[in-house]
Amino acid sequence: MDSSQDLLKQLHIDRRPAANKRRPRWLVPVAVGAIIVALGVVFSSTRPVTVETAQARAAAELGTASVLDASGYVTARRIATVSSKITGKVREVLIEEGQRVAEGEVLAYLDPADAEAQRDLAGAQLASSRSQLAEAQAQLTLANQTLKRQKELADRQLVAASSLDAAIADRDSRAARLNSLQRAVRVAQDQLAITELSVDNTIIRAPFAGVIVAKAAQPGEMISPISAGGGSIRTGIGTLVDMDSLEVQVDVNEAYIGRVTPKMPVEAVLNAYPDWKIPAEVIAIVPTADRSKATVKVRIALTSKDTRIVPDMGVRVSFLDEAKPDAAPLAGAFVPERAVVTVDGASHVFTVAEGRATRVAVTLGEKRDADQQVLTGLAGGETVVLSPSEKLGDGDKVAVK
């Protein structure tokens, strides 16, 4: 019976829907993975490549060639921490940072009580010396008259010779005292002038015209021209800078200092204003080298005066070759060196326009520090990709960093 039933079951036809049939368990994950990969390929093909760009500069606009580039800082030749000649307490401060002051303008006042007391004492001493001088002058006049009478009596032999001698000695003594008091009056006058100077020293004035860049003292603080130790006594009211004395100082590697000469034209660019080219020239090459850095200091004068130029600003300078009147203008454009890609001797750059990269074949010219001249392929003004990735291709979408 069992064998007959088994045979009947084998002849049974399964009419259940195909969805109810059991599927292999590995089929679903494989299908999901394939879908994800396909979506990733589609998404990666449409996602833009992030790039860093720079502007190509026309070579004809750059003028003379740069023989050397260097970095340095703006410095002031005239800068002073304005202090007083005497030690005293600050009574009033009239300056603030950024204030422009004229030469001789009052910056602060110190407490003048002690100096005025010394001046009053010197004035009283001068008055006393003058009164003593007047008394001595009267006594000398009397001594001269007495001597005259004694001489008349002696000529008539009415007085002894000793009386005449006593009159002469008294006159000479009075004259010597008068001379001493006259000198004492001059000393008292000098002492009064010194105390007047001490009073004037309580007024702090600007030694030259400039701009206040730091305010160092407040009313009530002690100030002294010398450091007294500790932080309770200030050594200055503020720092004054003559903005007309600003210049650039750069350290040039001693291996290239031979390229720099006095009066050489220079182009300076402040880090704060990279699009502003300031004309300048070499003032002097300081005749000493820094053995630790193997550099030589070069002073550069800025021919343009502007309020945007302030001390300690970072600046990059280009030492320019002397311009030749009959020289032909430079051809092509200059781009940063890292924008150029060279493969098997062929060079190209990627330009960016309307969100897409375009591969442009170029011919290279001379090299100026970090810039590369491109003779053909670029005319200037194009936006080029810096350090392009190997995955970047012609026509790819890009996003500027």
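Biologist: How many bridges join strand 13 to strand 16?
Modeller: There are 7, and the two strands run antiparallel. Strand 13 covers residues 246-253, and strand 16 covers residues 295-302.

Biologist: And which strands close into the barrel?
Modeller: It takes 6 strands, in the order 3-13-16-15-14-17, with antiparallel pairing. From one strand to the next, the twist averages 40°.

Biologist: Switching topic: which residues touch the most other members of the largest nonpolar core?
Modeller: Those are V250, V298, I300, V317 and F319, out of 30 residues in that core. Strands 3, 13, 14, 15, 16 and 17 are the elements that each give two or more residues to this core. There's also another core lying apart from it, with 16 residues, including V101 and L107.

Biologist: Back to V298. What is V298 in contact with, leaving aside neighbours within four places in sequence?
Modeller: Among its contacts are V248, V250, V252, I257, V282 and F319.

Biologist: Okay, and what pLDDT does the chain average?
Modeller: This is a predicted model, and the chain averages a pLDDT of 84, with 83% of the residues scoring at least 70.

Biologist: Which element has the lowest mean pLDDT, and which the highest?
Modeller: Helix 2, residues 27-46, has the lowest at 57, while strand 7, residues 106-110, has the highest at 95.

Technical notes:
Residues numbered from 1 in each chain as written. Predicted model: local features only at pLDDT ≥ 70, side-chain atom pairs only at ≥ 80, totals over all residues. Heavy atoms only, no water. Pairing = 2+ DSSP bridges. Helix = DSSP H or I, 4+ residues; strand = E, 2+ residues; numbered from the N terminus. Axes fitted to C-alpha atoms, helices over the stretch in contact; angles between N-to-C directions. Core = buried A, V, L, I, M, F, W, Y, C linked by side-chain atoms within 4.5 Å. Buried < 20%, exposed > 50% of the residue type's maximum accessible area, 1.4 Å probe, protein only. Contact = heavy atoms within 4.5 Å. pLDDT = per-residue confidence, 0-100.
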